[in-house]
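Trainee: Could you take me through one part of this model closely? I would like to look at a single chain and the side it turns to its partner.

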Amino acid sequence: MKVKVLSRNPDDYVRETTRDIHRVPRNYDPTLHPFEVPREYTRALNATKLERVFAKPFVGSLDGHRDGINCMAKHSKSLSILLSGACDGEVKLWNLSKRECVRTVQAHEGFVRGIATRFCGTSFFTVGDDRTIKQWKMEPPGYGEQEEPLNTILGKAVFTGIDHHQQGETFATCGQTVDIWDEQRTTPIRSFSWGVDSFSCVRYNPVETELLASCASDRSIVLYDMREATPLKKVIMKLRSNTLCWNPMEAYYFTCSNEDYNLYTYDMRHLDTPVTVHMDHVSAVLDVDYSPTGTEFVSASFDKSIRIFPKDGGHSREVYHTKRMQHVICVRWSADNKYILSGSDEMNIRLWKADASEKLGVLTGREKVTRDYNQKLRDKFQHHPHIRRIARHRHLPHDLYKQRREIKEMKDARRRKEVNVRKHSKPGSVPVETEKEKHVVAVVE
Amino acid sequence: MAKTKKKSVTFDLPRKVATVSAMDEEVESDEDFLPDNENIISASEDEDAGDDERKHTKLLEAISGLGGRRRKKMTERSEASLQVSEFGVNAEGAGEKVALSDLLSSATEASRTDGTMTKTHRQLKNLEKRQATLELPLSHQQTEKIQREAAFEKASKEVSRWESTIVHQQRAEQLFFPLNQQPSRPRRMEQLVTSWKTQTPLEQEVFALLHAHRQPTFDPVLTPVEEAQLQAMSLEEAQLRRAELQKARALQSYYEAKAKRGSKIKSKKYHKVQQKAKRKAFLKQFEDLCKSDPERAMEELQNMEKKRIEERMSLKHQNSGKWAKSRVIMAKYDLGARQAMHEQLELNRQLTHKPLPSSELHDDSDDDSNSDPTLASEDQTLPDIVNEASANQKEGANPWMKMAVVLTTAEQEEPKAVADSETPEAAVSDAGEVGEEREEETEEERLLGEFARRRQLRRTNDEEEEDKEARQTAEASQTDGASEVSPSRADRSDDDDDGDEDEEDQMDEAAASELNALFGRLAKQAQQGAAPLGSSAELLDEDTTRVRTLEQAELLAETHNDTAPPVVESEEAAPGHDVDDPAPKGKGHQKVIDPEQVLTKQARSIRVPMTTPAIEDAEDEALDEQTDMIREAFAGDDVVSDFLKEKRKQEEEGRPKDVDLSLPGWGEWGGVGIHTKKQKRKRSRFLKKAPPAAPRKDRKLPAVIISEKRDASVAAHQVSQLPFPFENPSQFERSIRSPLGSTWNPELAVRKLTAPRIVTKAGAIIEPISRDDIMPAKAVAGKRRAAPDIQLGGDAERRGGHHRPGAKKKKHKK
């Protein structure tokens, strides 16, 4: 008589070590796991709530400047180094991982208007109100050495901005004209002007590296090709653009920050209408910078806030502000797509997380899985009203909130009026103008 | 001296000329005369020169001569006289304008002499006539604008190269940053293979073999040869083969069941007894053999030796099987398992032990019989046909293909096969007499071979004769089927002697008879399946009863040749029938609504504008009109009452219902004489009355139903509008319905479903995209279309498509 017994392989259920996790056999039979949608909905709701709970984007502040910060630059080869120029002519180099200043240079008299690092990361250029372009070594001077620039170029007029070529030994400055300089020469190799007397910003295209764009004080954005003798084209808008930034992954798109509280993304081939109008700020937008992945950009505004926009979204996905942060003059997105740096009037540089609720540091495998799953759940149920409401809720300072409401009212009133005018005039005499068309005055060839 | 001076001047002149080389022709033409002029000038100059100078130069020459080496003469520029103009032209007519006519004079003279106007002459004349001045160059602004436009065109064209890349990135499921990371994971086999080249002679040989057989390297589904074979098979053959396969499978399952039954018997004693009996029987048989047929016995002995060798070669009893492995695992925990392993090894030793040299046949045979029969019996318990079939399945070899192989081999060895086919039963009986595994093992092969043979026979028959022949073959096949099973029975009776086995045998026989019946049915089915295709004439004959005229028959024949299945055919026939006599159609459609009835009742009262199809044949039009009319009539069929019914239904559904909370049997007595009234009252206590329904919104609107299903409390959680990227609600619902979590999906699927769109590497600088990453537009387009590598379904369809014309041809031949 043989007794029937259950026989199992102990290897299936005995752990090899006590630190190992228990093996859990799964049965995916759908009848055993009912209500998948409601359960996932609950999970999504929880994930959304937790996301808001953990949304603490502020990482730290770098203080040390003795005047408002006017410009910043990322190091092209190192993630931990940041350069900042203040309104008193001081340039500081920061170590971001230690959050401390590693070097201070009295670079100019008056404002430091622009900083650009060389593509190799060995030196950087500054321009200032004292009509000079100075090249500095990235390394601090040795013991007993004076802090002196490598090169100094004296210009005829004040330079307001500088940008370095992506690979070549040329850089561009703007002031009364847009000049292209060879690093080895003291006179510009090319000088562009097109009936305007001052430019506020010039930026090289990081992809098609011979192209440039600049913002001029006559409310125009001008495109250049370094190889040509003349500028390419310009578009004149209703109000002046302060800065612009090219998309680092999509060669023909750039975004400009405008005085009319909006940002505009243009396709450089079709300047007559912007591709997208990004609205949300309640005051002039002063600076803009793309994320290195080219999917989002960050903008700094005079309304004391920073906003993050998706590149093709009309409204921001995130707004950062603190009680102490004043007008934000400059903003940069770190080269590893993780952090945002903002320099503001009250002499502080602030370090923010690009994803507000992201957990910093190394994640375990299970944490990663959960993060991805939660992200997908939030995406999946993002249209459900409750989840939507929680996910979109942001706290705003009272001033900002009030201004937003005011602006909304103004816009509504304007729209209402337009509709009324159209209603009471001959059909076709008042054409419908889309938001995109409204802001462009002319394209000059 | 004078000479030297002259020289100097003449040297000087060309330089001057060079400076004005861009001058008009006039000047150049004058130049020819220059040298002469110059001579004159220099001569006059000579006279004027003073003696002092000459002396001075002489002195200089003398001094230079002192140096030993002759000094190069210094050229001097003499003062130009008034007569010499700046360009070395005689300034006589300096003030005058040169007219074209002056230049032309010689030319015109020449032309006069020729009597024809030269081409240049004419051109010059034209030039003279034209008075218009050249246009001013464009203004600075305008030229700049044109330049800008050209430059912009160029730049935008350059930038547009990125379009495909950007589109690709925007559509990508997942993006990894920084770009151009070196993949750390191993590459796919195809990637390796494409870049790999044969180097060693062995590799080359293998490749040559592979290429000879045209074995596909990338998606090894079917070789071209196999595909061709598949295509060559007609439908009937396929059906027959299927039937055969089914038979084989049934046989196999039967054997498996039997083996299972035998192995399920737990009793050790039973097995022991059985083994012993088998051994005994074997011994007996062997002794008999020794007496009656020593040669045979010798053979048997050799066979045993062979067994031993095979045992040594095989992995049996070497603790490498599944069971042994499980024992190994358990050995850590279980002493019994260890012992079992040892026993196995012992058995192996026994089996592979070499017997004494076979000088004395009898003695040795005894020894061997102790060891070998166990093995033999072991093998015998499970007929090899089962093993083989299952092995086939495990290998995943296409059974159809195997058939093809058998067929080809059969074709190759045609004479032998024919001989076998003539006496299949004899061969089988032979096998039974021998009673060896070798024969048994080929049972399935034989079976399949026979199928193949029969198929061949059938084919030849097809071509030669008509349906009668086919029927005969069917009968033959049935008898064959019966004969096939019988030999196996014979085998078994030989093997098994025990009483238990007898019982089993009886059961086997019963099962076999059942099987026979099954195969008979199968064969019939196969025949029926084959009939409409192989011998469509039969079906056509049946149909002739309906066809009235010759034309109709022809028509039908044509339709039949399209190998339409009989069902379709009947449908096709129906409308034709309909035209002829509509009366039976009414019968056919009795269950549906009788159109005539409906038409008489209501169609006349409802007048609906008719829309007739514009492009139709006359006959079709008439038919369609009729059907349209019917449809129209139905469209107006009692809509109002339907609507009312529906509304009432909705109201009913919307009304709150009473809730019965009573539990059956709770607080009740059972048995005779129980008052049901009391119970009812009790029950009513647990009946919760529903509150009166709120008045419906559509209660005063008789022609409207306002749905009241919307629940305000739930609506707050529901999506009220269709979100942007979705085009219809069902799409959106589908996206919500499929779960993402690991509760519902296996690990890999979850990983795939929850993959984040953008993945960045920690601590890495993400550089802007570089020009090397530009993707050609074609590549993107190709990726978008990206067809799956393997299209079995599509292939099958295509195959079917190819196949049909072939079948058609066959029929035409008849």
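Among contacts in chain B between residues at least 6 apart in sequence, what percentage join residues at least 24 apart? And could you then look closely at the side of chain B that touches chain A?

Mentor: Happy to! Please keep in mind that this is a predicted model. The figure you ask for is 71%, counted among contacts in chain B between residues at least 6 apart in sequence. Chain B has 814 residues, of which 23% count as buried, and its secondary structure comes to 38 helices and 4 strands.

Now to the interface. Here 60 residues of chain B are in contact with 60 residues of chain A. The two chains bury about 5,400 Å² between them, and carbon and sulfur atoms account for 61% of that area. In chain B, the residues that lose the most area to chain A are B:Arg148, B:Phe152 and B:Trp744, together 14% of what that side buries.

Polar links are present too: the rule finds 19 residue pairs in polar contact across the interface, and the count of salt bridges between the chains is 7. A:Arg269 and B:Glu163 form a salt bridge, with their closest N and O atoms 3.4 Å apart. Several elements of chain B each supply at least two residues of the side that touches chain A, including helix H8 (163-171), helix H15 (322-331) and strand E4 (758-760). The largest share, 13 residues, comes from H7(B). By class, this side of chain B has 30 nonpolar, 16 polar and 14 charged residues.

Note on methods
Residues numbered from 1 in each chain as written. Chains lettered and ligands numbered in written order. Predicted model: local features only at pLDDT ≥ 70, side-chain atom pairs only at ≥ 80, totals over all residues. Heavy atoms only, no water. Buried < 20%, exposed > 50% of the residue type's maximum accessible area, 1.4 Å probe, protein only. Contact = heavy atoms within 4.5 Å. Buried area = accessible area lost by both parts, 1.4 Å probe. Salt bridge = Lys/Arg side-chain N within 4 Å of Asp/Glu carboxyl O. Polar contact = N/O pair within 3.5 Å; in protein donor to acceptor, adjacent residues only side chain to side chain. Nonpolar A, V, L, I, M, F, W, Y, C, P; charged D, E, K, R; others polar.
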